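Work through these exercises with the chain in view. Try each task before you read its solution.

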Amino acid sequence: MSSLLRRTTVDGAAFVVVQHLAPNQSSMLTELLGRASILAVETVEDGVVIKANHVYVTPPNAVLALEGETIRLITPSLGARPEMPIDAFFRSLADNRGIKAMGVVMSGTGTDGTFGLGAIKAAGGITFAQEPSSAKFDGMPRSAQDSGSADFCLTPEAIADEILRVSTHPYLQQATALPEFQENVGRLAVLLKAAFGIDLSHYKPKTIERRIQRRMAVHRLERI
């Protein structure tokens, strides 16, 4: 994580680090990341308003949820079945940010994060998993990779570089497609129907445009 944040400074972005901690386990992660990153790093408190160029670290015994511009802390009930904290936050992130959301699953055991990445991807966001051979514990990144939920499977350093690239892609910069893009989507629809019998007329135009733009971002394409 520290190697990723050393290389990643996306202007206007905020980073939330969700970790697995026992209810009474203390963590030095906020201090460690503060030394590694030029961004401001703080431990999340309930009701904190997200600011750009900040890193927010989850405290022990809490599940995070995004509510507009605010992070909420949810304390699990005594004896309740433990919730997957990464999945829970990723689902909340997908609901709140849609195509602006990015999710990264890094070293860890189990499958937490896999379903959450799927939610981000379904909402149009971009997803990453650490390349399993580069992880100390490969369970979580391998699960994300095997599920197909991760758009990219890279080392932490390469993930940082890809986040920087994707963040400047027109897909994330434009709320609506340019007229020439919409015109070319129409031409593409005609070609697909003629060549393969695929009829896109049953789909909402905005949905088709968004999905094409997302694929272009993932495949490093700037022009349709």
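**Exercise 1. Helix H5**

Task: find which residues of helix H5 (residues 139–147) are buried, and say what they pack against.

Solution. Start with the ground rules. This is a predicted model, where local features need pLDDT of at least 70, side-chain atom pairs count only at pLDDT 80 or more, and totals for chains, interfaces and linings use all residues. Residues are numbered from 1 along each chain as its sequence is written, and side-chain values use heavy atoms, with hydrogens and water left out.

Step 1. Helices (H or I, at least four residues) and strands (E, at least two) are DSSP runs, numbered from the N terminus. Buried means under 20% relative accessible area, exposed over 50%, and partly exposed in between, with a 1.4 Å probe and protein chains only.

Step 2. List the buried residues of H5: Met140, Pro141, Ser143 and Ala144.

Step 3. Look down the axis of H5. The buried residues fall within an arc of 160 degrees, so they line one face of the helix. The arc is taken over the directions from the helix axis to the C-beta atoms.

Step 4. Find the partners. The buried residues of H5 pack against helix H3 (85–97), strand E7 (102–105), helix H4 (114–122) and strand E8 (126–130). Contact here means heavy atoms within 4.5 Å.

Step 5. Step off the end. Just after H5 comes Gly148, with a positive phi of about 85 degrees.

**Exercise 2. Helix H2**

Task: which residues of helix H2 (residues 29–36) are buried?

Solution. Step 1. The buried residues are Leu29, Thr30, Leu33 and Ala36.

Step 1. They cover an arc of only 130 degrees around the axis, which puts them on the same side of H2.

**Exercise 3. An aromatic pair and its neighbour**

Task: find the aromatic pair and describe its geometry.

Solution. Step 1. Apply the rule. Rings of Phe, Tyr and Trp (its six-membered ring) pair if their centres lie within 6.5 Å; planes under 30 degrees apart count as stacked, over 60 as edge-to-face and the rest as tilted. The count comes to one aromatic pair.

Step 1. Phe128 and Phe152 form this pair. Their centres are 5.2 Å apart, with 20 degrees between the planes, and the pair is stacked.

Step 2. Phe128 lies in strand E8 and Phe152 in strand E9 (residues 152–154), so the pair ties together parts that are 24 residues apart in sequence.

Step 3. Check burial. Phe128 is buried at 0% relative accessible area, and Phe152 is buried at 6%.

Step 4. Turn to Ala129, also found in strand E8. Ala129 is buried, with 0% relative accessibility. Leaving out residues up to four places away in sequence, Ala129 touches Val105, Pro141, Ala144, Ala150, Phe152, Cys153, Leu154 and Ile159.

**Exercise 4. The largest pocket**

Task: how many residues line the largest pocket, and which element gives the largest share?

Solution. Step 1. Define it. On a 1 Å grid over the protein atoms alone, a pocket is an open set of points where a 1.4 Å probe fits, with protein on both sides within 12 Å along at least five of seven lines; lining residues have an atom within 4 Å of a point.

Step 1. The lining has 41 residues, and Phe15, Val16, Val17, Met102 and Val104 lie nearest the centre.

Step 2. Helix H1 (2–7), strand E1 (15–17), H3, E7, helix H6 (156–167) and helix H7 (170–173) each give two or more residues. The largest share, five residues, comes from H3.

Step 3. Sort the lining: 26 nonpolar, 10 polar and five charged. Ala, Val, Leu, Ile, Met, Phe, Trp, Tyr, Cys and Pro count as nonpolar, Asp, Glu, Lys and Arg as charged, and the others, Gly among them, as polar.
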